[in-house]
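I open this notebook to record, entry by entry, what I looked up in the structure.

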Amino acid sequence: MSARTSHVFHRNARLQPPIAVKGDGCYIVDADGKRYLDGSGGAAVSCLGHSHPKVIEAIKRQLDAIPYGHTGAFSNEPMEKLATHLAQAAPGGLDKVYFVSGGSEAVEAALKMARQFYIEIGQPSRHKIIARRQSYHGNTLGALAVGGNAARRAQFQPMLMEATHIAPCFSYREKRVDETEEEYGRRAADELETAIQQAGPETVAAFICEPVVGATAGAVPPAPGYLKRIREICDRHGVLLIFDEVMCGMGRTGHMFACDEDGVAPDLMTVAKGLGAGYQPIGAVLVDTRIFEAIRDGSGFFQHGHTYMGHPAACAAGLAVQEVIRDDNLLENVNRQGAALRRALEARFGNNANVGDIRGRGLFMAIELVADRSTKETFDPARQLHAVIKREAMERGLIVYPMGGTIDGRHGDHVLVAPPFIVDQSHITELVEKLGDAVDAALAA
Ligand code: PLP
């Protein structure tokens, strides 16, 4: 089938992607029988690979029992159980779970929940959202407005709503040589203090950030102490803290939630991707008790909702995924294989003059490509290096998740690798070998 004969409106309107017909552990097989190692779980989604029998069985069982019941009238068993599981695993006071069907929906719900919270407690002037540059929170218009990916936003200006953007916490790009990591983290966090003061604290509802930045900048962890200081600043000004863990959460970094490593709990947390591991579309907002109680004891009704929220088959998938991660001790494997992945990336790319940074946590790693390592100058965006790497990798039977640098030149093309939690050493070796060949070919092109 070609792009001309297909009736599907593919996102890349000029390309017909291969047709995936079978999942086999960490591999996807296409209609021609070609096998691809899934080195990024798609977009950091498929954390159990593509054929886990326990998850598939759980979905089938749920479909046999009841496939759908509108949440306006019914709850369902997998939704109740999954909420309990998440609330028990979550940090701080995140005790209630609001289910949706994906990451952008989770972000939209969290933003509206933050605003409604302030209405319920009699502070309706708090409606502004502060976010960060070089972030991604989804493609729906609200999520796009808080997102800080200049390229994605550019053609949709003016946004439906305006958000203020502060600098990300991005040591490789923004730390000065005369600063320690801690000093830099403090300086980056203090931008939030300034932004809140400038906006007027009584007008700010929430600050949203990805604890470890995913797609837009490539597995960028926060500097030590950064998130703690962010938490303090939010508390001082009564601003809600939203962590968007759609990509970095649900075990990807080696902790159940990325923020666990930093010992900081938000007021609202969005999760998706790894929650259903791609077996079903599902996302969720984990909500602090205080916010839930304000709505319950106030109007009693969250003014939001979607037809498929809490879908029984999606929740059954999510529950089975979480049970497999717990029962098979997969976080331990994420940490073990994450360390192996880091070592392999450092061995393969450490001396590459065009690889400026190798970073990440757990099985959430990236390399950033630069034209000049000493100046950190980026490649010309017109070269579309990330797209060439993706193509070269696919030709070699490897799926990775490369992304272009920001159009303001604040970081270079990067390649995100986020393989399934079930990988072993042979997958890591194959991944890094094929990625190395693909990067070499793209740089030579
Ligand atoms: N938030 C983050 C941090 C993401 O990485 C993504 C997707 O990549 C989203 C939100 C949007 O999720 P979805 O594509 O499921 O709408």
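I began with contacts, counting heavy atoms within 4.5 Å: in the protein chain, among contacts between residues at least 6 apart in sequence, 71% join residues at least 24 apart. I note that this is a predicted model, in which local features need pLDDT of at least 70 and side-chain atom pairs count only at pLDDT 80 or more, while totals for chains, interfaces and linings use all residues. Residues are numbered from 1 along each chain as its sequence is written, and side-chain values use heavy atoms, with hydrogens and water left out.

**Overall form.** I looked up the secondary structure and found 14 helices and 15 strands in the protein chain, where helices (H or I, at least four residues) and strands (E, at least two) are DSSP runs numbered from the N terminus. The radius of gyration, taken over C-alpha atoms, is 21 Å, close to the 22 Å that the globule rule gives for 445 residues, so the chain is as compact as a globular protein of that length; the rule is 2.2 Å times the number of residues to the power 0.38.

**Burial and cores.** I found that buried residues make up 56% of the 445 residues, with buried meaning under 20% relative accessible area, exposed over 50% and partly exposed in between (1.4 Å probe, protein chains only). I then turned to the nonpolar cores, each a set of buried Ala, Val, Leu, Ile, Met, Phe, Trp, Tyr and Cys residues joined through side-chain atoms within 4.5 Å. The largest has 96 residues, and those with the most contacts inside it are Phe 99, Phe 207, Leu 286 and Leu 435. Its largest share, 9 residues, comes from helix H11 (residues 312-327). Domain 1 (20-51 + 329-444) and domain 2 (56-327) both give residues to this core, so it lies between them; the domain bounds come from an automatic or database domain assignment. Apart from this core lies another, of 29 residues, among them Tyr 118 and Ile 208.

I asked where Gln 280 is found. Gln 280 sits in the loop between strand E9 (268-271) and strand E10 (283-288), and is partly exposed, with a relative accessible area of 22%. Leaving aside neighbours within four places in sequence, I saw Gln 280 in contact with Ile 59, Ala 313, Ala 314 and Ala 317.
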